[in-house]
Each structure stands twice: as structure tokens, then as C-alpha cells.
Amino acid sequence: MAASEEPNAAASLHGSSSASQPLLSNPSPPPLLYPYPTIDDPPQSNPSESDPSQYLQISYNYGHRPFKDIPILVLFILFVLSSFGFGIFATFNRNINYSNLSSYYYDEKTSNCVTDSVFSSSPIWVFLYSFSSSSSVLKSLIWTLVATLILSLPICFFLLLLLKHYTRQIVYASLPFFVLLPIFINVYWFIACTVNPTCSYNFPMVYRILVLIFMFLVIGVIVWIFIVNWHRIGLTISIIGVASDALSMNLGLLVVIPSMTLGLLIYYAPIVLFLVFARLNGKIVPHHHGSSGDYTCVWKQDKWVPAYYALAILTMLWSGAVMVEGQVYVISGTISQWYFSKEEDDTPRRSIRKSLRNAFGPSAGTVCLSGLLILVVRVVRAMVDSARQEDTPGMFKIILRCCVNTFLAAVDYLNKFTITFAAITGEAYCSSARMTYELLKRNLLSTVFVETISTRLLLGIAFVLSTIYAIVACAILRAVSHLGADTYLVAFAAWLLLIVILEFFIHVLDNVIETVYVCYAIDRDRGEVCKQDVHEVYVHLPISRNHRSSLSLVFYNIASCMNLLCTFHVCEPNDSMSTVLMGIGIEFS
């Protein structure tokens, strides 16, 4: 019975895929069960790898999704509950006498620290009053930042509209400003500092000329980067246009994603308050000075406070990474629903709500695991970078740094697009990582997205818009206020706030680009065309045939580093582990 159903399924697949073909540069034959085969690859002997039927059902999972990676989710919940539980205990167990530490003195009669009842600490309203009686600079700064925050939303929508309908025009119009604005700023500060007697005295002419030349060299590097990548500008413009169209069809993401960040800040607020109150857990005890024989009253913190600090800070870091991965999950789930929908000009209903429910429901463990891995990679990489700055060279440190960098490269290699694939299929983290790699490998696509120039272009556009806004804000401030040189400080703060908001917008657009990339790979794998305009653009991406060699090199380098460390007697020889890693590398190669 099952044998008779499989041909029917295969026949139905041929029928559905023959109606719509991927738009390729050259005519291609009708798709088979295993479309877009890997070119020049030897025949696979493993039946499980050569069976294409196991990959036919990769699409957005609209059905019921079981909970995945439950142990990691339970661990994260334990961290959060422990942080809040001990934080509440620290709040009610705090010592209110900490602020009056200076009023305590040692009483020889009782051999204890007692307080002077006459002393009274400065009330907090004095500080608040002094803060409220600020200068006009602070008032101008606050009003400028508030206006920038309000105007940032229409600026982002206006930029999205331009990128959707006039991508080529906005990119080519912005390219000259990538060079002209830095040149203008470089020459302007040089002339302004030369004219100003104070700046000219504090900053000699020789140093000003050196800084001027250095900035021109940086501008030259920017020009060289765009000249080298000029042949990719056209494809990048098309990719940005497709992503902008996808984001414009799901405008709710521009409200939900910032709201998730705001929710994270609200979630951080009680933990920060608990950390403040945890510092107040202790007691005032006498301290004997051995040299003079005198006693003073000092604050002795409870022993559990440092452990709570470590727990709370780790929970905050992990929660921040989880929120970032959760945002990627929601973006990927929403865009993939739009991509695989049958309506061309319509967005599926409640797609964002469904993605949120999946992210913090069945796939919450997957999101937590992805956030934990990202956190570990960032912490280890920061430790390696800090150790690199120390002036203690040695063969062991060089080899250890090589091993760590290779391991981090392997994690980045396997983690790419994993959370996006999990948002589409609902699979667990490890299954998503494996299936993503196999999906892109079968279709000759790279796990490292080739069009990184799109991010640079978008960042350049954000820099141009922020700089123009800062110049306009500076001109308005000089006309309506008398801040003097502080005008530049207020304008710089406005520029900084706007560019941070625009970079957040670009981060969302980058995730849209990567999601569409994975959806396009699924389309190629199934021999279907869900979005014709996407295929017309992404089909021009260069193919990649080096998946196996890259992955084998990663695992082989890890094994080689382990053997080198054991050679220097810094670890116990583990032939089985290194043999397994080398075997994996040989198998992939």
C-alpha cells in the first residue's frame, strides 16, 4: 500500500512543480525529484544521503509544532526565577544603615559600632533639585533628542519607501555623499580649529596635519572598497529592493521588533534594582588596624552577594541574546509566511502573532539555545581579544588562540541561518543546523551570505541621512539658541541617536534579506517558484562548491590544534577525540 502511494506522491510533485519553473538565465529541463543537483560531486554511497524524498517537505510549518530543546528552556527559566527570587530576598533583607556608614563609630564599652543619632544624611531631593536646575544646554539636548526620537519613525518609513520604489536612484545618489561628507567634515574641523585660537594653541599645526592626512587615507580606503565591489552594485541594489518590498508587506515588524526591545528594557529594570539592593545586604562591623591598634567601622558584605551578582549579570546577558535571537525568529517566521503564501499582493493574516507565539512557545527552547551559543561565542571571543592585547607572547598562547578561533569559526559556520530555518520548520536547533547546511549544499548556495556589500551600502545610506539631519539640527540650534560651541555637542548627540535607530532598521532589513535567501533555497530544492521577482534576482548569486572542503578544514584544524596542545603537555592526549574530529573532516572532504 505504501509502495503504491509513493509514485503518486512523486507524480503529484512533478505536476505541481511543472506549472511554475524557477527563472534561470538558461533554459533548464523539467525538474526532477531532486532539482538543482550538485555539480561534479561523486555518487553518494550512503542511502540516507542519496534519498531525496526526505527533503521534499521543507516548507513553512503551519501545523502543530511540538516543544523543542526543552532542557535548555528549563535551564533558562531556572536562571530567571533564581535571579528574581534572590533579588526579592535581597530587597527585603537589605540593611538600611548602609547610607549612614560614615556616622558610625567604634564604642569601646560595647566593643561594637554605634551610630550618632544627631547625624542625618543628605536627602535625595537635594540631588534631584541640583539636577533639575540644569543649564540651557541640557534642556536643548533633551528637546533635541525627543524631537529626533519622534522624527525617527517617519524617517524610517520614508527610507523604506525610497528603497522599495527608488532603490537604484537612492543608492547612486548616496554614493557620492559617502566620500563628500567625510571630506567636508575633515576640512571643516581643520579650518575651524585653525581659526579658533584656543583649539589652535592646544592642538598644534603638525598634529592637525597628521590627523587630516590620516582621515583622507581612510576616505581613500572607502573609495577603494566601492571600486573593488562596483561590479556587485547592480545585484546588491536588486537584493535590497526585494527585501524592502518584503518588509513593506509586513510593516508590523517595525512596531513589534522595537516593542520587544522595549520589553527587554522593562524586564531588565527589576534586575538592575535587585542588584542595587543586593549591595545593601551586609552589616557594619568594627575593623582593627594592626599598625595603629585603632578600630574603625567598615561595611562587610554578605558572602552570597557576589554569587548573586554573577547569576543576575549572566541572566541579563543570556536574556539579551535570547531577545536578539527571538527577534530574528519573529522576522524569519513572518517573512517566510509571506513568501510561501499563495497571494501575490497580500500578507497572511496574523502572521506576526503566529511567529511570536511560536518563538515564545514551542520554539522557546531553540531560541534560548541559540542565544546561549551566541553568548558563549561573544564572551570567548572577547576573552581572546583581551588576551591578545597582553604583552606575554608564547607558543602555547598562540596555539590556544588558534584553537579557540577555529572553534568559534566552526560555531559561526554551523549557526548561520539556523534560527531562520527553525522559524520556518519548527525543528530543534541541532536538526535545523544540519538541515540548513544540507539544504544550501545541495543547491550550491553558501552558508555565508555572499552579498555583505548590501549591509555596507545600507550603513552608508544611514550615515548620510544622519549626517544631513545633524547638519540641519545644528543650523536650527544656532539660529534659535545661543549655545555657542555646545551646539556641536547637541547636534552630535542627535546624529548618534538617529544613526543607532537607523542601524536597528538596517538590522531588521538584513534579517529579511537572509530569510528570503533561505526561502529561495527551499524553492530551488522543491523545484517551485513562490515569488517570481525573488527568483529573478537571487538566481544571479554565484554558486558555491566549497561546502565540504570548508567544513572539513574547520574540523581538521580543531583536531590539529588539540594534538599540538597535547604535544606541549598542556592537556591529556585524547586520541579518540582528535581521531573523531579528523574523521569528520575526512568524511566531509
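Modeller: One term before we start: a residue is called buried under 20% relative accessible area, exposed over 50%, and partly exposed in between. Also keep in mind that this is a predicted model.

Biologist: Got it. How many salt bridges are found in the whole structure?
Modeller: A search of the whole structure turns up 3. In one of them, the side chains of Lys 164 and Asp 245 meet, at 3.8 Å from N to O.

Biologist: Which helices do Lys 164 and Asp 245 lie in?
Modeller: Lys 164 is in helix H5 (residues 136-165) and Asp 245 is in helix H10 (residues 233-248), so the pair ties together parts that are 81 residues apart in sequence.

Biologist: And Asp 245, is that buried or exposed, or in between?
Modeller: In between: its relative accessible area is 22%, so Asp 245 is partly exposed. Lys 164 counts as partly exposed too, because its relative accessibility is 29%.

Biologist: OK, what about the salt bridge of Glu 438?
Modeller: The side chain of Glu 438 meets that of Arg 434, with 3.5 Å from N to O. Both residues sit in helix H17, 4 residues apart, which is about one turn of the helix.

Biologist: Why does Glu 438 count as buried?
Modeller: Because its relative accessibility is 16%, and the cut-off for buried is under 20%. Arg 434 has a relative accessible area of 45%, so that one is partly exposed.

Biologist: Which residue does Arg 526 form a salt bridge with?
Modeller: With Glu 528; their closest N and O atoms are 3.2 Å apart. Both Arg 526 and Glu 528 are buried.

Biologist: Let's switch to the surface. Which residues form the nonpolar patch?
Modeller: Phe 184, Ile 185, Tyr 188, Ile 471 and Tyr 488, with about 480 Å² of accessible area together.

Biologist: Which helix gives the largest share of the nonpolar patch?
Modeller: Helix H7 (residues 177-195), with 3 residues. Tyr 188 is found in that helix, and at 42% relative accessibility Tyr 188 counts as partly exposed.

Biologist: Now charges. Which residues gather in the patch of positive charge?
Modeller: On the surface, that patch brings together Arg 349, Arg 350, Arg 353 and Arg 357.

Biologist: Where does Arg 350 lie?
Modeller: In the loop between helix H12 (304-340) and helix H13 (351-359). With a relative accessible area of 55%, Arg 350 is exposed. There's a backbone detail as well: Arg 350 is not a glycine, yet it has a positive phi of about 55°.

Biologist: Last one: is Asp 69 buried or exposed?
Modeller: Asp 69 counts as buried, at 18% relative accessibility.

Technical notes. Residues are numbered from 1 along each chain as its sequence is written. This is a predicted model: local features need pLDDT of at least 70, side-chain atom pairs count only at pLDDT 80 or more; totals for chains, interfaces and linings use all residues. Side-chain values use heavy atoms; hydrogens and water are left out. Patches are made of residues with over 30% relative accessible area and no salt bridge: like charges are joined within 9 Å, nonpolar side chains (Val, Leu, Ile, Met, Phe, Trp, Tyr) within 5 Å. Accessible areas come from the Shrake-Rupley method with a 1.4 Å probe; for residues, only the protein chains shown count as cover. A salt bridge is a side-chain nitrogen of Lys or Arg within 4 Å of a carboxyl oxygen of Asp or Glu. Lys and Arg count as positive and Asp and Glu as negative; His and the chain ends are not counted. The place of a charge is taken as NZ of Lys, CZ of Arg, CG of Asp or CD of Glu. Helices (H or I, at least four residues) and strands (E, at least two) are DSSP runs, numbered from the N terminus. Buried means under 20% relative accessible area, exposed over 50%, partly exposed in between (1.4 Å probe, protein chains only).
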